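The sequence and the structure are shown first, and the numbered remarks come after.

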Amino acid sequence: MAGHVLIVDYGSQFTQLIARKTRAAGYYAEILPAELPVEPYLARKPGALILSGGPASAMEDGAPKLDPALLEAGLPILGICYGMQLLALNLGGQLTREATGEYGPAIFEGQVDSPLWGGFDKGPFKVWMSHGDRVEAPPAGFAVSGKTEDLPVAAMENRDKKIFAIQFHPEVHHTQNGEAILKNFLAVAGLSPNWKMSSFARDTIEAVKEKTAPDRRVICALSGGVDSAVAAALISKAIGNRLHSIFVDNGLLREGEVEEVRAALTAAYPEMNLTIVDASKLFLGRLAGQEDPETKRKIIGQTFIEVFKKEALKLGQIDFLVQGTLYPDVIESVSPQGPSAMIKSHHNVGGLPKDLPFTLIEPLRDLFKDEVRVLGHELGIPDSLLWRQPFPGPGLAIRIIGPVEEEGLFILRRADSIVRQEIKKAGLEREIWQAFAVLLSNKSVGVMGDGRSYGRVVAIRAVTSVDAMTADWARLPHDLLAKLSSRIINEVPGVNRVVYDISTKPPGTIEWE
């Protein structure tokens, strides 16, 4: 598609967010890895380039490079974080390595009336940083267009060449004016909006029809959450009753979840052929004594596939397995398009055995959660399913720090139920991305009923986010926190202390394991 945006992936955890924000603005965006030669980029006749961030230092040997031919192509360019440092390095600027780096929020202020700041006050406003190098001096012909308290060159530009660079991440939700900055760059590049979610739905349905033609059968891994429900609806649109949906009760679900899933899905999608399999004893038996979070994830993923194999035998010939994998799952587990650092594996990604007997269909793997909800509306899925809070595939196993055992599951289910109840009563369900309880491995001393107690510790995690790639801790009202603490300590046996997690992502993750 000529005239679209090409994103050079240098391995940032946020690279796909750039594409997501660009597509949300109505512009088609495609990601290509930095190690490709220049020819595939120029053959696509792009209208603009965006250089992503990345985990490496641009000054290190072996770090991803910028092909000078891309600079010589005369395209409008936006360099973000590592992309800014590469522009400075290639065009004659000066870089230095910071002693500690800068991660998280910072206050930015524009220094000139840059076209990037068009339509809003150029500062000060909050931005999101994640870098270890800094531009000490911009290249000749570049003006310093913004700074922060600790960073004299936080943005630079050469308007004549339409090359712009910013040290912060505009694609991250917690950067104020980030979407406007990207739109302003696209306007400078002279591109026109040309992409919609309805187009994605249509193209995906046609691709699934072609892949599964003429009469091949499909299993869908339904969890009852947003992702798998939308994936199943999309596949159902393509193949009708050739879809068989299976929900596995792994013994690691929230209180009342099996019943909720059964009621919601059988009412909304009777044509999806829903089967519920109770495999809780199998999962819990294999998890017994396992403390390492990656080991737990792998066990759950492998057992999950085994259960599907067994169910497939009951159904006869099954050719495809559908999963609701999203891009945050992929980018945190592997490096699909560039040198991004692995953070953790996901049950949809890292736990699949090599002898998987199905061809995998992951129709949502290039989408983020907010895009999935938009797609769900396109497909007519009820809001009651679309707005369920995200729940990890490994379930409560990764919200129990340490071994998974029945007592811990009982404690965590009750505590988590209280958290969800009170968040709902407070009317905060739509404002909070996720709110849940975590059961810690240590115990603490307390006083209960005039006696000394030695009880479990429950952590409450509540975050705000749009796409799960970044998150901020939710500023819950103090009265609500007090109510949560009081109810959990008084109503959940064995708990004598409640703490609240106030870390952001990054540097933390939303889940604790």
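**Notes on the predicted model**

1. In this predicted model, helix α4 (residues 82-91) has 7 of its 10 residues buried, so the helix is largely enclosed by the rest of the structure. The buried positions in α4 are Tyr82, Gly83, Met84, Gln85, Leu86, Leu87 and Ala88. The helix is followed by Gly92, whose phi is positive, near 100°.

2. The sheet deserves attention next. It is an open sheet of 5 strands in the order β12-β11-β10-β13-β14, and the pairing is parallel. β12 (275-278) and β14 (359-361) stand at the edges; each has a single partner strand, so one side of each is left without a neighbour in the sheet. From one strand to the next, the twist averages 30°.

3. Strand β10 (residues 218-221) has both of its faces covered. Val218 and Cys220 are buried on one side, while Ile219 and Ala221 are buried on the other.

4. Which strands pair with β10? Strand β11 (residues 243-249) pairs with β10 in the parallel sense over 4 bridges, and strand β13 (residues 320-322) also pairs with β10 in the parallel sense, over 3 bridges. Within these pairings, Val218 has Leu243 of β11 as its bridge partner, whereas Ile219 has Leu321 of β13. Ala221, for its part, stands opposite Ile246 in β11.

5. Helix α7 (residues 226-239) packs on the sheet, where α7 touches β10, β11, β13 and β14. The direction of α7 makes about 160° with that of β10. Together, β10, α7 and β11 make a β-α-β unit, and this unit is right-handed.

6. Asp319 is found in the loop between α10 (293-315) and β13. Is this residue buried or exposed? Asp319 has a relative accessible area of 16%, and under 20% counts as buried, so Asp319 is buried. Leaving aside neighbours within four places in sequence, Asp319 is in contact with Arg216, Arg217, Phe358 and Thr359.

7. A separate point concerns the packing of two helices. The axes of helix α6 (residues 197-212) and helix α12 (residues 369-378) come within 10 Å and cross at roughly 75°. An angle of 65 to 115 degrees counts as roughly perpendicular, and α6 and α12 are therefore roughly perpendicular to each other. On the α6 side, the contact is made by Met197, Ser198, Phe200 and Ala201; on the α12 side, it is made by Glu371, Val374, Leu375 and Glu378. By class, the residues of this contact of α6 with α12 divide into 5 nonpolar, 1 polar and 2 charged.

8. Finally, Thr15 lies in helix α1 (residues 15-24). Thr15 is buried, with a relative accessible area of 1%. Between Thr15 and Tyr27 the C-alpha to C-alpha distance is 16 Å, and these two residues are 12 residues apart in sequence.

Methods
Residues numbered from 1 in each chain as written. Predicted model: local features only at pLDDT ≥ 70, side-chain atom pairs only at ≥ 80, totals over all residues. Heavy atoms only, no water. Axes fitted to C-alpha atoms, helices over the stretch in contact; angles between N-to-C directions. Parallel < 35°, antiparallel > 145°, perpendicular 65-115°, else oblique. Contact = heavy atoms within 4.5 Å. Nonpolar A, V, L, I, M, F, W, Y, C, P; charged D, E, K, R; others polar. Buried < 20%, exposed > 50% of the residue type's maximum accessible area, 1.4 Å probe, protein only. Pairing = 2+ DSSP bridges. Right-handed = clockwise from strand over helix to strand, strands pointing away.
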